[in-house]
Amino acid sequence: MTKIYNLFFELIQVTIGRRNSLSRVPSSEEWNMLYNISVKQAVAGVCFCGLQRLPANQLSELPKRLMMQWLALAEGIRQRNVLMNNRCVELLRMMNNEGLRCAILKGQGVAALYNSIDSEWPQLGLYRQSGDIDVWVDGGMDSVLNWCRKNYGDVDFDYINAHVPVCQDVEVEVHWRVGAMTNLFRNKRLQRWLESDKTKAMILGGKSVLKSFGTVQPSETTITVPTLEFNAFYLMLHCYHHMFESGLGLRQLMDYYFLLMARSRLNLDINKNENRDNFQKLNHSVYKLFKEFGMTRFVGAMMWIMQEVFGLERERLFCEPDEKEGRYILAEVMVGGNFGHHDERIKRVGKGKWQSVFATLQHAMHLLKRYPSEALWMPVWMAYHFIWKRTLNKFSIFN
């Protein structure tokens, strides 16, 4: 990692309350670089909150123009999150009224963890850069897709979800599958696990408090989200999937940090000695899933990143950190940026969906030496998905 990246990681640690100041005062040029990195990694909003925690003398070289630009971006992110929170509440209320069992995945539910951890900045989650709304609906593909078509006409869909025009100002993805793996045999086991009653209970078993803003005054509304234990596996799976499909960004890693903090505080910080054994059992249970789905090498790398970038203590991790693999994954994250959008190694070929296909294959081939199985399964998965979508013939050995 270069010096500017190390300085950026220090700013991240100031933002999350892990340190009080940077190791030195950044120059005007370095501040511009720090801002650009934060934008590239989709963490500019939360990093702006970190600026508020720095001693005044460490901001002496921050250009006023850049400060105002950063402020404007952070405020735009905050306003967007207010809108997203309102839409999540409205969406779940509408679906529940129609008798659907559903939960918000990732996104706003995870952003709420930012608020619960940081008592000095109780609205930090409002500065997490949001994407779309992902909502899982129980019932299977046929049932959920029929509901989407009945209410919204012909909708674009793939293996796990449909893009549904529920809102004009927010993109909504309605999931009948929580996720998938490119290895078709592992994916078969994954879907079987996700469809079990025990797993569904975890998906529907969590609660998250969102700050929703009505016409009269702000209010707090509780929404349904997966439990922390389910998200411990699911968010790692989400990172794993993006690592091999398009690219993994620091925003997803920060999400996982706040998840681990919330999870470990719940189990360790109350009656610490009494709960330690139980927490280790929970860790073992989640790590067993990582092992079953062939993710342990990646998990070890993620644990090193949790320590190196976010300063997380060993007792809060699932396993021993893998420094060598962690440095490799972190380098990929910093090169590619959020979802790999800034990876200059990818040559754009074709147009529209074909460009996306070629970009995904190129990205997978970059990882061939380190993760040969995932890289080699990617073209097989894409071919399978191409055939599946056009025939909707659910091959029994893979579904």
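Colleague: How many bridges join β1 to β2, and do the two strands run parallel or antiparallel?

Modeller: In this predicted model, 4 bridges join β1 to β2, and the two strands run antiparallel. One of the facing pairs is Cys102 and Val137, the latter in β2.

Colleague: What makes β1 and β2 a pair of strands?

Modeller: Two strands pair if DSSP finds at least two bridges between them. β1 and β2 are joined by 4 bridges, so they meet the condition of at least two.

Colleague: Which strands make up the open sheet, and in what order?

Modeller: The open sheet has 5 strands in the order β1-β2-β5-β4-β3, and its pairing is mixed. The edge strands are β1 (102-105) and β3, each of which pairs on one side only.

Colleague: Why is the pairing in this sheet called mixed?

Modeller: In general, strands of a sheet pair through backbone hydrogen bonds, either parallel or antiparallel. In this sheet, β2 (residues 133-137) and β5 pair in the parallel sense over 4 bridges. By contrast, β4 and β5 (residues 172-175) pair in the antiparallel sense, over 4 bridges. Strands β3 (residues 156-157) and β4 (residues 161-164) also pair in the antiparallel sense, over 2 bridges. The sheet is accordingly described as mixed.

Colleague: How many residues lie between β3 and β4 in their hairpin?

Modeller: The hairpin of β3 and β4 has 3 residues between the strands.

Colleague: Why is β2 described as largely enclosed by the rest of the structure?

Modeller: A residue is buried when its relative accessible area is under 20%. In β2, 5 of the 5 residues are buried, so the strand is largely enclosed by the rest of the structure. Ile133, Val135 and Val137 point one way from β2, Asp134 and Trp136 point the other way, and all are buried. Helix α4 (residues 64-97) lies across β1, β2 and β5, running at about 20° to β2.

Colleague: Why is Arg87 called buried, and why is Asp169 called partly exposed?

Modeller: Buried means under 20% relative accessible area, exposed means over 50%, and partly exposed lies in between. Arg87 has 18% relative accessibility and therefore counts as buried. Asp169 has 32% and therefore counts as partly exposed.

Colleague: Which parts of the chain does the salt bridge of Lys200 and Asp138 tie together?

Modeller: The side chains of Lys200 and Asp138 meet in a salt bridge at 2.9 Å, N to O. Lys200 lies in helix α8 (residues 197-203) and Asp138 in the loop between β2 and α6 (141-152), so the pair ties together parts that are 62 residues apart in sequence. Both Lys200 and Asp138 are buried.

Colleague: Where do Glu323 and Arg327 lie?

Modeller: Both lie in helix α13 (residues 323-336), 4 residues apart, which is about one turn of the helix.

Colleague: Why is Leu22 called buried?

Modeller: The relative accessible area of Leu22 is 4%, so Leu22 is buried by the limit of under 20%. Leu22 lies in the loop between α1 (3-15) and α2 (28-40). The residues that Leu22 touches include Leu7, Leu11, Trp31 and Leu54.

Definitions and conventions:
Residues numbered from 1 in each chain as written. Predicted model: local features only at pLDDT ≥ 70, side-chain atom pairs only at ≥ 80, totals over all residues. Heavy atoms only, no water. Contact = heavy atoms within 4.5 Å. Axes fitted to C-alpha atoms, helices over the stretch in contact; angles between N-to-C directions. Buried < 20%, exposed > 50% of the residue type's maximum accessible area, 1.4 Å probe, protein only. Salt bridge = Lys/Arg side-chain N within 4 Å of Asp/Glu carboxyl O. Lists of a residue's contacts leave out its neighbours within four places in sequence.
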